[in-house]
Every structure is written in C-alpha cells, then in structure tokens.
Amino acid sequence: MATAHRIPPAPQPQLYRFTPLDFTTVAMYVAIAGFFAVAGELLAPFLRQVAPSPAAASYAVNLLFYGSVGILALLAARKVVARDLLVLATRPWFTLLMIPAAVIAMMILTAIVVAVGGDVQTSANQAGLQELMQQVPAWLMVPVIVVAGPFVEEYIFRHLLIGKLSRRVNIWICCALSVVLFAALHIVGQEAITLTALLPYLAMGATLVFVYVWTGKNLMFSYFVHAAKNLLAVVFIYAIPPELYEQLQQGVPA
C-alpha cells in the first residue's frame with residue numbers, strides 16, 4: 001500500500017489540555033501588548049532618554065516582549081516541540097521541500113487577495129518593521145523577527161487556538177478565529193482596521209492554519225514556515241534598496 005505524503009498525525013490528547021503555564025503565557029502576552037498599545041506614547045519620552053535612539057528603544061521593547069513571552073511559550077509547549085521535531089525528522093525531505101513550497105504558496109495567495117482587494121496598503125506594523133530594520137543590523141533583528149516572534153505567534157494562534165481549543169470547540173471555528181485574530185493583532189492599536197490592511201495578514205494566517213492542520217497539528221512545521229517567510233522578508237529588506245522593495249513586496253507582511 002502506498003504511504004501518504006503528508007506528515008502523519010501523532011495524537012496525544014494529554015498534550016492538548018490547557019495548563020496553568022498556557023494561561024500565564026497568554027496573560028503576559030496580552031498584558032505587555034496591551035500596556036504598550038495604551039501607554040506607548042506616554043513611555044516614549046522615557047525610552048528616548050534611556051535609549052541612544054528611537055530605533056534602539058523600539059528594538060529593546062520588541063526584544064523584551066518576544067523574548068520573555070517566547071521563553072514561557074517554549075516551556076509551556078516543550079513536549080509538543082520535542083514530539084513535532086521528531087515527527088519532522090522522520091521525513092526530512094518532505095520537511096525541506098514543503099517549507100519553501102508553503103512560503104511560495106503564501107506569497108502567491110497574498111498577491112492574489114491583495115490584487116482582488118484593490119489598493120495596496122502597507123500596514124503601520126509593516127511600515128514600522130521596515131523602518132526599524134533599516135536602522136538596526138540584521139544580526140540583531142533575526143532573533144526577534146525570525147526566531148522568537150514566529151514561535152510566540154504559532155504557539156498562541158495555532159497551538160492554543162486550534163490545537164487545544166478544538167478539543168472543546170469545532171475545529172473550523174477555531175481555524176477561522178486563528179486567521180482573523182492573527183490578522184487583527186498585526187494592525188490593532190496602530191491604525192484603523194480596514195479590509196485592505198487586513199488582507200495580507202489574512203492570507204498569511206490562512207496559509208499557516210492550513211499547513212498546521214494538514215500536517216496533523218504540527219506546531220514546528222507551521223513555525224518553520226512562518227520563520228522562513230520572515231527570514232525571506234528580512235533578506236529582501238536588507239539586500240534590496242527600500243524603493244525597489246516597496247514595489248516588489250506589494251503588501252506582503254513580515
């Protein structure tokens with residue numbers, strides 16, 4: 001009998017029960033994000049005094065945010081991370097080929113939905129990241145944008161919202177929540193929530209949800225896809241002049 005090409009699921013119900021550490025991690029994520037969204041402007045003068053530049057202050061905030069939440073997320077999901085890495089290791093060629101394929105599919109889907117949506121609009125989040133990356137060396141940005149950030153988001157929006165919540169709520173409702181909340185997170189508090197601004201993130205979220213579910217809720221596969229997409233964006237920003245990058249990326253989010 002021919003074997004399936006997808007990564008086989010490894011059902012372990014005990015790994016999909018919410019734990020106190022899950023709630024602690026989400027609470028810290030929401031608390032820090034909410035604090036800076038509400039009090040960010042009030043803190044700006046203080047940060048400018050203690051940091052050598054606005055870019056350094058912005059980088060420090062992002063590093064503190066994703067670093068602290070990322071450590072908790074890794075501790076909370078450590079057993080799932082170990083299991084999923086073992087699953088991926090059983091089919092290395094599948095993993096190596098499908099990660100770039102998923103990134104390409106994400107970019108194509110994003111280009112399609114942006115084209116259908118009409119005007120291309122770069123979100124404030126995207127513009128802020130591009131500006132920050134133009135002032136901070138790549139070796140400092142990679143730990144935040146490529147390593148910690150994607151893991152935190154995959155842990156919350158895929159592992160918790162789909163992997164764990166789907167034990168209590170219909171999985172398709174969980175998938176829809178994951179896509180919508182993931183997209184809204186990237187623009188809420190920074191600009192008006194419009195369909196044009198949401199579209200790139202909706203496409204990105206939908207792709208990540210698909211690969212997560214398709215691989216049997218493999219957190220590390222969706223993380224590697226997310227990290228690879230962000231790495232590609234970082235390479236583009238550092239290697240291509242800003243004016244040309246604006247024309248090429250057409251709203252593809254980082």
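**Helix 6**

I began with the bend in helix 6, residues 138–164. This is a predicted model. The helix bends by about 35 degrees at Gly 149. A proline, Pro 150, follows within four residues of that point. I then looked up how much of helix 6 is buried. The tally is 21 of its 27 residues, so the rest of the structure largely encloses this helix.

I compared this with the record. UniProt, in an unreviewed entry, lists residues 136–157 as one of the transmembrane regions. Over residues 136–157 I find 91% helix and 0% strand. The end C-alpha atoms of that span are 28 Å apart.

**His 226**

Next I went to His 226, which sits in helix 9, residues 219–239. Is His 226 buried or exposed? Its relative accessibility is 1%, so His 226 counts as buried.

Which side chain does the side chain of His 226 meet in a polar contact? I find Glu 153, at 3.5 Å. I also listed the contacts of His 226, leaving aside neighbours within four places in sequence. They are Pro 150, Glu 153, Glu 154, Arg 158, Phe 182, Met 204 and Leu 208.

**Helix 8**

Helix 8 covers residues 195–214, 20 residues in total. I checked its span: 27 Å from first C-alpha to last, close to the 28 Å expected at 1.5 Å a residue. Helix 8 still bends, by about 25 degrees at Tyr 201. After the helix comes Gly 216, with a positive phi near 75 degrees.

I looked up Ala 105 in helix 4, residues 92–117. At 38% relative accessibility, Ala 105 counts as partly exposed.

Cys 174 is in none, and its nearest cysteine sulfur, in Cys 175, is 6.9 Å away.

Cys 174 is buried at 0% relative accessibility. Cys 175 is buried too, with a relative accessible area of 6%.

**Whole chain**

Last, I stepped back to the overall picture. I count 10 helices and zero strands. From the N terminus on, the elements run α-α-α-α-α-α-α-α-α-α. Of the 254 residues, 43% are buried.

I finished with contacts between residues at least 6 apart in sequence. Of these, 81% join residues at least 24 apart.

Conventions: Residues are numbered from 1 along each chain as its sequence is written. This is a predicted model: local features need pLDDT of at least 70, side-chain atom pairs count only at pLDDT 80 or more; totals for chains, interfaces and linings use all residues. Side-chain values use heavy atoms; hydrogens and water are left out. Helices (H or I, at least four residues) and strands (E, at least two) are DSSP runs, numbered from the N terminus. The expected span of a helix is 1.5 Å times one less than its number of residues. The bend at a residue is the angle between axes fitted to the seven residues ending there and the seven starting there. UniProt positions are given in the numbering used here, feature names are shortened, and annotations may be inferred rather than shown by experiment. A disulfide is a pair of cysteine sulfur atoms within 2.5 Å. Buried means under 20% relative accessible area, exposed over 50%, partly exposed in between (1.4 Å probe, protein chains only). A polar contact is a pair of N or O atoms within 3.5 Å; within protein, one must be able to donate a hydrogen and the other to accept it, and residues adjacent in sequence count only if both atoms are side-chain atoms. Contact means heavy atoms within 4.5 Å.
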